[in-house]
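Hello,

Here is the structure for you to open alongside this message. My notes on it follow below.

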Amino acid sequence: MTAIHPQPRPHSRIRWRTPITMVILLGILVGGGWWGWNSLVNSSAEPTCTEQKLANNRLVPKQVVLNVYNGGARAGSAGRVADALKQRGFNIDKIANEPKGDKVDVVALRGAAANAPEMLLVAGQLNQKAVMIADGRTDHTVDLVIGSGFGSVKLKGIPSVTVAPGSTVCLPVIHTPKPIPSGQNPN
C-alpha cells in the first residue's frame with residue numbers, strides 16, 4: 001500500500017541548543033576545578049600549632065587548649081569541669097556533648113599521642129585514671145570526655161609537665177578575642 005500523501009522530509013536544520021549547553025556546562029566544570037585547585041594550592045590557612053622550645057623545659061596549663069565533652073555524665077558536668085580547669089589556667093575551647101555520640105564509663109583523653117606532654121598535664125588534673133586515646137591530631141589540642149562514673153578534678157593538680165631538655169613542643173595557636181572598636185557592629 002502506498003501513502004496517499006508524500007511524507008515530509010526531515011529537517012536539514014542543525015539543532016544548536018544541546019551542543020551550546022554542553023560547552024557552557026563544561027566551561028563551568030573546568031572553571032570550578034581550576035578555582036578549587038588554586039584554593040587548595042594557595043591556601044592561606046593559619047598553622048594549627050607552632051614548634052617552640054619551652055622555658056625551663058616545662059609545659060604549663062596556659063599553653064594547652066582543651067575541649068571538654070560530656071560523654072554520658074549528668075547535664076552541666078562538662079561546664080563545671082571546664083570552669084575548674086579554666087581557673088587553673090587551661091585555655092578552654094569547646095564545652096559540649098561528645099560530638100561523635102560516644103559514651104564513656106569514667107573519663108577519656110584524646111590527643112596527638114598518649115604520651116604527649118599536653119595529655120599528661122591534663123591527666124594530672126584528674127582524680128580517676130583516664131583512658132588515653134591517641135588520634136594523631138595535628139593541632140595538639142586535648143579532648144577531655146567525661147562519663148557517668150567521673151567524680152571530679154583533683155583539688156590541686158600538677159602545675160606543669162617536664163619535657164626533654166632542648167626539645168621542641170608543638171603548641172596550639174591560641175586565638176584571643178579582639179575588642180570591637182567603638183561604634184562598629186560586630187556582625
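The structure holds 4 salt bridges. A salt bridge here is a side-chain nitrogen of Lys or Arg within 4 Å of a carboxyl oxygen of Asp or Glu.

Before the details, two notes on the source. This is a predicted model, where local features need pLDDT of at least 70, side-chain atom pairs count only at pLDDT 80 or more, and totals for chains, interfaces and linings use all residues. Residues are numbered from 1 along each chain as its sequence is written, and side-chain values use heavy atoms, with hydrogens and water left out.

**Salt bridges**

One of the bridges pairs Glu98 with Arg110, with 2.8 Å between the closest N and O atoms. This pair links distant parts of the chain, 12 residues apart: Glu98 is in the loop between β4 (91-97) and β5 (107-111), and Arg110 is in strand β5. Helices (H or I, at least four residues) and strands (E, at least two) are DSSP runs, numbered from the N terminus. Glu98 and Arg110 are both buried. Buried means under 20% relative accessible area, exposed means over 50%, and partly exposed is in between (1.4 Å probe, protein chains only).

Arg137 has a salt bridge to Asp135 at 2.7 Å, N to O. Arg137 also has a salt bridge to Asp143 at 2.9 Å, N to O. Shared partners join Glu98, Arg110, Asp135, Arg137 and Asp143 into one network of salt bridges.

How exposed are these partners? Asp135 is partly exposed, because its relative accessible area is 37%. Asp143 has 6% relative accessibility, so Asp143 counts as buried.

**Arg137**

Arg137 sits in the loop between β6 (131-134) and β7 (142-146). Its relative accessibility is 16%, so Arg137 counts as buried. The side chain of Arg137 makes a polar contact of 3.1 Å with the side chain of Thr141. A polar contact is a pair of N or O atoms within 3.5 Å; within protein, one must be able to donate a hydrogen and the other to accept it, and residues adjacent in sequence count only if both atoms are side-chain atoms. Setting aside neighbours within four places in sequence, Arg137 is in contact (heavy atoms within 4.5 Å) with Arg110, Gly111, Ala112, Val142 and Asp143.

**Helix α2**

Which residues of helix α2 are buried? In α2 (residues 77-87), they are Ser77, Ala78, Val81, Ala82 and Leu85. Seen down the axis of α2, the buried residues fall within an arc of 125°, so they line one face of the helix. The arc is that of the directions from the helix axis to the C-beta atoms. These buried residues pack against β3 (65-70), β4 and β7. On the other side of α2, Lys86 and Gln87 are exposed. Just after α2, Gly89 takes a positive phi of about 110°.

**Surface patch**

Trp16, Ile20, Met22, Ile24, Leu25 and Ile28 make a nonpolar surface patch of about 670 Å². Patches are made of residues with over 30% relative accessible area and no salt bridge; like charges are joined within 9 Å, nonpolar side chains (Val, Leu, Ile, Met, Phe, Trp, Tyr) within 5 Å. Leu25 lies in helix α1 (residues 17-41). Leu25 counts as partly exposed because its relative accessibility is 48%.

Best wishes

How values were computed
Areas by Shrake-Rupley, 256 points an atom, 1.4 Å probe, with all protein chains shown as cover.
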